[in-house]
Amino acid sequence: MTKKNQTLGEFIIENQKAFPYSTGELSKLINAIRLAAKVVNYEVNKAGLVDILGSSGDINAQGEDQQKLDVLANEKFIQSLTNREIVCGIASEEEDDFVVINSKDNNHQNKYVVLFDPLDGSSNIDVNVSVGTIFSVYRRITPIGTPVSIEDFLQPGRQQVAAGYVVYGTSTMLVYTTGFGVNGFTLNPAIGTFYLSHPNMQYPKDGRIYSVNEGNYVHFPVGVKKYIKYCQEEEEDRPYTSRYIGSLVSDFHRNMIKGGIFIYPKSSLSNNGKLRLLYECNPMAFIAEQAGGRASDGYKPILDVVPTELHQRIPFFCGSENMVAKAEEFIAKYN
Ligand code: AHG
Ligand code: MN
Ligand code: MN
Ligand code: MN
């Protein structure tokens, strides 16, 4: 049950009763993310004024030039999650390996693992274009009382107990699901409170926006090229509109509100595309499906993929159900 302008705190308490198993831990986890989101939002919003822009000078596990804000956001989320006695392990785009987090009694009693992309769209930081944070939550599957291990992080996306994102845009929003639909909360920066602004978000079944980096067109598989041409030809309700921000969170968020498809396919440059399965595609796919949308690797649901490593990449087609199904048709026909 949702009431417009409810605060995130009120919403969590009201909906905590809906959890058959939760002893409030998942709520504590969402609260930890809420705090970190506010701290990162503060840093993002003043990035141009302090020495937080640009490269940190380090290279991350992806081989990317780590931005200062990547590092800061990573530290803030790890710190906030560590302080809350609920998380036994963390995986991050900005950490080579997973981080073991012990409970205060040193007996590994915490039940959840969190995987996250602390700052999504880093290439947009220095040019004042919106960026985001993406998170994914599982219950551990290895025995309580033992240190978390890699199996806890390599669960199929279908096992997620929560997933969400923060979009640091014209306003800052936290959008998340715990498997009971998708709800969006907007931050009132004057008082630092998130208010329910987008209850029960639904992906339109159809849309007229396609989001893909067309600069890579020449490297795309034939089926993807054919689908892009399909979007551009003058037929029925086409040509569609091309919109590509370069932050997955922002492109996804716009398409969920207006209808659309986001594509980051494999290419001759990268056989698995660019986006990371565990902390980009799985959480966004969980949200998409919970909102009535669709997310696949071009062939099968993202959420059914069994991961094999922390930073593995996967081709990503996500958004309005009928648009993703149409793209899959072209891939099945031509690839
Ligand atoms: P990140 O900044 O976390 O590394 O993610 C960037 C991703 C995603 O946000 C975006 O959709 C995509 O990279 C853009 O990639 P291209 O610049 O290659 O189009
Ligand atoms: Mn990155
Ligand atoms: Mn990202
Ligand atoms: Mn990132």
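1. Tyrosine 244 puts an N or O atom of its side chain 2.6 Å from an oxygen atom of ligand 1. Arginine 276 has a polar side-chain atom 2.9 Å from an oxygen atom of that ligand, and for the side chain of glutamate 93 the N or O distance to a ligand 1 oxygen atom is 3.0 Å. A polar contact here is a pair of N or O atoms within 3.5 Å; within protein, one must be able to donate a hydrogen and the other to accept it, and residues adjacent in sequence count only if both atoms are side-chain atoms. On its own, ligand 1 has 470 Å² of accessible area, and the protein covers 88% of that (Shrake-Rupley method, 1.4 Å probe; for residues, only the protein chains shown count as cover).

2. A word on conventions: the model is predicted, so local features need pLDDT of at least 70 and side-chain atom pairs pLDDT 80 or more, while totals for chains, interfaces and linings use all residues. Residues are numbered from 1 along each chain as its sequence is written, chains are lettered from A and ligands numbered from 1 in the order written, and side-chain values use heavy atoms, without hydrogens and water.

3. Now the metal. Donors are N, O and S atoms within 2.8 Å of the metal (3.2 Å for Na, K and Ca); water is not among the atoms, so sites may look incomplete. The two glutamates are 29 residues apart, glutamate 64 in the loop between β1 and β2 and glutamate 93 in the loop between β3 and β4. The manganese ion (ligand 3) is 5.4 Å from the manganese ion (ligand 2).

4. Are these two glutamates buried or exposed? Glutamate 93 is buried, because its relative accessible area is 3%, whereas glutamate 64, at 23%, is partly exposed (buried is under 20%, exposed over 50%, partly exposed in between; 1.4 Å probe, protein chains only).

5. Finally, the strands (DSSP runs of E, at least two residues, numbered from the N terminus). All nine residues of β5 (residues 112-120) are buried. Strand β5 runs parallel to β3, with five bridges, and antiparallel to β6 (residues 131-139), with seven; pairing takes at least two DSSP bridges.

Technical notes:
Helices (H or I, at least four residues) and strands (E, at least two) are DSSP runs, numbered from the N terminus.
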